Amino acid sequence: MPTQRFRISTAKHRQITDITSQVQEAVRAAGCDQGLACISVPHCTCVVYVNENESGLIADTLELINQLPAGGSWQHNRIDNNAEAHLMASLMGSSTCLPVSGGQVELGTWQRIMLIELDGPRERLVTVTIVPS
Ligand code: ZN
């Protein structure tokens with residue numbers, strides 16, 4: 001099956017979750033040896049990115065996100081008061097595509113696939129679309 005899905009329940013308003021093992025399991029379940037995996041979230045206030053899962057860098061990333069002012073004059077706040085979450089999701093992106101080789105997503109030594117919750121707690125859906133080559 002070329003498309004796999006799994007859910008992540010977030011517990012905090014903002015948090016970073018390492019989803020590498022779930023993505024690797026999805027690629028294994030798809031039975032793809034070589035190709036491309038697109039990891040995406042169908043949400044407007046959630047991010048998927050690749051970087052190091054190091055506690056200082058996690059704290060730094062959350063600190064950077066928190067520097068975008070909440071409230072204030074953002075026009076979207078007229079609707080549901082989470083404009084800064086939408087804006088940061090736009091800046092960081094809701095998907096990433098990675099090569100698949102030997103039945104696994106290829107990552108560098110320190111690279112992990114991470115999900116950022118920007119407006120939790122919520123249940124988030126992660127889709128892994130696999131294109132064999
Ligand atoms: Zn909104």
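Residues are numbered from 1 along each chain as its sequence is written, and side-chain values use heavy atoms, with hydrogens and water left out. Because the model is predicted, local features need pLDDT of at least 70 and side-chain atom pairs count only at pLDDT 80 or more, while totals for chains, interfaces and linings use all residues.

Helices (H or I, at least four residues) and strands (E, at least two) are DSSP runs, numbered from the N terminus. Two strands pair if DSSP finds at least two bridges between them. Strand E3 covers residues 34-40 and pairs with strand E5, residues 95-101. The two are antiparallel and share seven bridges. Within this pairing, Gly35 has Val100 in E5 as its bridge partner. E3 is also joined to strand E8 (residues 123-132), again in the antiparallel sense, by six bridges. Here Cys38 stands opposite Thr129 of E8.

A nonpolar core is a set of buried Ala, Val, Leu, Ile, Met, Phe, Trp, Tyr and Cys residues joined through side-chain atoms within 4.5 Å. Buried means under 20% relative accessible area, exposed over 50%, and partly exposed in between (1.4 Å probe, protein chains only). The largest core holds 21 residues, of which Ile19, Ile39 and Val128 touch the most other members. At least two residues come from each of E1 (3-9), H1 (20-30), E3, E4 (46-51), E5, E7 (112-117) and E8. Helix H1 gives the largest share, four residues. A separate core has 12 residues, including Tyr49, Ala89, Ile116 and Leu118.

Contact means heavy atoms within 4.5 Å. Beyond four places in sequence, Ile19 touches Phe6, Ile8, Ile39, Ile113, Met114, Leu115 and Val126. Thr17 lies in strand E2 (residues 15-18). With neighbours within four places set aside, Thr17 contacts Ile8, Ile113, Met114 and Leu115. Thr17 counts as buried because its relative accessible area is 18%. Its side chain makes a polar contact of 3.2 Å with that of Gln15. A polar contact is a pair of N or O atoms within 3.5 Å; within protein, one must be able to donate a hydrogen and the other to accept it, and residues adjacent in sequence count only if both atoms are side-chain atoms.

His76 is partly exposed, at 27% relative accessibility. Asp80 is partly exposed too, at 41%.
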